[in-house]
Amino acid sequence: MNIGTLVRTARWYLREVSGESLYDRYLEHHAAGHTGEPAMTRAEFERWRVDRGDTDPPARCC
Amino acid sequence: MPELNVSNRSGLNLRSVLLWSAVGLVGAIAWGVVALSRGERISAIWLVAAALGSYAIAYRFYARFIVKRVLRVNDRRATPAERLNNGIDFHPTDRRVLFGHHFAAIAGAGPLVGPVLAAQMGYLPGTIWIIVGVIFAGAVQDMVTLFFSMRRNGRSLGQMARDEIGPVGGAAALIAVFAIMIILLAVLALVVVNALAQSPWGTFSIAMTIPIALFMGVYLRTLRPGKVIEATVIGVALLLFAVIAGSWVEGSSWADTFTLSPRALVIWLVIYGFAASVLPVWMLLAPRDYLSTFMKIGTIGLLAVSVLLAAPTLSNEAITKFASSGAGPVFAGSLFPFVFITIACGALSGFHSLVSSGTTPKMIQKESQIRMIGYGAMLVESFVAIMALIAASIIEPGLYYAINAPAGLLGSTVQSASAAVNNLGFAITPEALTAAANAVGEQTLVARTGGAPTLAIGMSEIFAAVFGGAGLKAFWYHFAIMFEALFILTTVDAGTRVGRFMLQDTLGNLYKPLRQVSWKPGVYATSAVVVGAWGYFLYQGVNDPLGGINQLFPLFGIANQLLAAVALTVCTTLLIKSGRLKWAWVTGVPLAWDAAVTLTASYQKIFSADPKLGFFAQASKFSAALEQGTVLAPAKNLAQMNTVVTNSLVDGVLSVLFASLIIIVIADAARVCYRTYRSPEPLPSTEAPFVESRILAPAGLTSGGDDRRETASSGTDRPPT
């Protein structure tokens, strides 16, 4: 594995694990849904995503 | 797309036989050294080798056996993530990413605290239980719960208990979850209080995490939405700066402001817990979660590397005299059952079943991946526990007891502590105690119970041996305190909120508006109840002359193992109901062990005539003295005598409650299992129906070799009926 692949893999992993890539996934899912409604902007999406935690907090163990 | 290779199905080629023989040999030699060395100090590397060798063999053979023969996972069956994919809750997630999420959710302060306290019995009992326990109980529970929840579209443990056992078992499970949450939060908060009391450096750096989190929250909300990595990098840099700045604060006029008594810290923590529970998550909880997850994974990785490089020598004995006498100062009771109660997380942790039946089952791509995610992540947590045990065992026993025995025994000066430690049969001079405190930049280390200061000293020795030498010990000590306190407080945030939701949901049956999360009076009232409940036990722990950790930690262990009993009961019932009676021992044996441990511990805590061990014996001894107007050590006045009596009674009643819950759940499940056994017809399945999968993904970490075959071969299995 060369340095370039390593950096790309690390970047991919961090984006996935941190949730940064969720917006891309949302856009894909939205496009596949063919609802015709405009997709949320990045800021709208991130607000919506984090506010879900108000009613559905993340499980954190001891 | 993995290349399909269905040949060589037996998997027994020469290379693999040689490899696994070598792993087995290394593990066996390491176990030999760990178990048989007496009177000579061994290197911590042997513990690491015994652990890693055992994990590898267990993962390769036992976990694989459970997945293939017992659970009969089927990669042709679409998982809920694939069938119900909505891009949010349900989404087929890469196994390596999901492993990260799952590990971050299950690993917390538990595996760091329990082993440190259990080091009182020596390093051997803890090591054996952590490794054997995780292989046959903890990792099995996590994986099997994950499997059954995944087959039921991600239903929670409570829902499965209600569906499979009945309303009584379901209600008992719900009460168990709530009770363990309260005790857990109180004990964890107590660990933080004991770590920060009289420590301006630690208190300042932890206090700074609040403005740092608020800043990150605003950054992610308005400045750069979604740039999580960027915000976390900035946050971690600020956090490290706060640890460094703590030493300046300690030497400045601000030091008094940040020197707080345990009682003042309790008040601050209760206020903080309430605020964190009612504030929107974007402000505090979400950014803290990013920070603590990063710190957790980063520090654990750093510790693993440092243990290997530093290869410290253990100073602890293999088995101490407290293992059989049961008169240890850190916690009362003998090896069985109390090692198995004290070390819950890292060996068997009931709390994990809530994560395994929460978000994770909704994200799994392929059924066979439960081995890597459910079993594998728990093995890593177990390894964290082994490292904590190592960190506690490299400390000289004299220092260990001077830090971990309760203040009532040690007194408050280095002289009294030194004398008390000598009475216990270990040695440390007052000068050595002062020097140890100075080396890590603390005013005193006497009676800093709770495990965090001990762990931080062990970690600072290991880190300083690799990076920076003795000059950086104070920095590493406070770094370790920050690391532990940070994610304990994140657990307190999240736990208070989860407890609040459970309460809102349950009380909502009686009074409808309570259920609405937007109805502010309801939110405030239920938050206050949850904070008040753990705040009560925290306050009790801080004021108890007998030592809060000494009294409360066994209750925490019993509560956690109680939840494990519920999870293992649900798993065993499901194995039997789904026609796998001959494999019911896979979760049935750990359940029997767990029930034996928990019930023996409860029995001793309730009925023991030894006032050091039995809560009610303790209460009656002190109340008898109180009637005569005499003051018994370690209490110093009548008010403290009253505190002891009240605390012992409350803890005793809780022990009775926990023991009754275990018995109710197991008895109710046994009834259901017997009915299933007698039923001529198989009971209707509660599994989601079979749907053919359209995606292909490997089972393990790499996409080659063994996994490639497993993916291909499972494609030819028939779906179980």
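What percentage of the 721 residues in chain B is buried? Buried residues account for 57% of the chain, a residue being buried when 20 or more other C-beta atoms, placed from the backbone, lie within 10 Å of its own. The model is a predicted one, in which local features need pLDDT of at least 70 and side-chain atom pairs count only at pLDDT 80 or more, while totals for chains, interfaces and linings use all residues. Residues are numbered from 1 along each chain as its sequence is written, with chains lettered from A and ligands numbered from 1 in the order in which they are written.

Chain B has 28 helices and 0 strands (DSSP runs of H or I with at least four residues, and of E with at least two, numbered from the N terminus). With a radius of gyration of 25 Å, close to the 27 Å from the globule rule for 721 residues, chain B is as compact as a globular protein of that length; the radius is taken over C-alpha atoms, and the rule is 2.2 Å times the number of residues to the power 0.38.

One helix of chain B, α22, runs through residues 473-507. Of the 35 residues in α22(B), 29 are buried.

Turning to the interface, 26 residues of chain A are in contact with 40 residues of chain B, contact meaning C-beta atoms, placed from the backbone, within 7 Å. On the chain A side, α3(A) gives the largest share, 6 residues.

Key:
Buried ≥ 20, exposed ≤ 12 C-beta atoms within 10 Å, placed from the backbone. Contact = placed C-beta atoms within 7 Å. Expected span 1.5 Å × (residues − 1).
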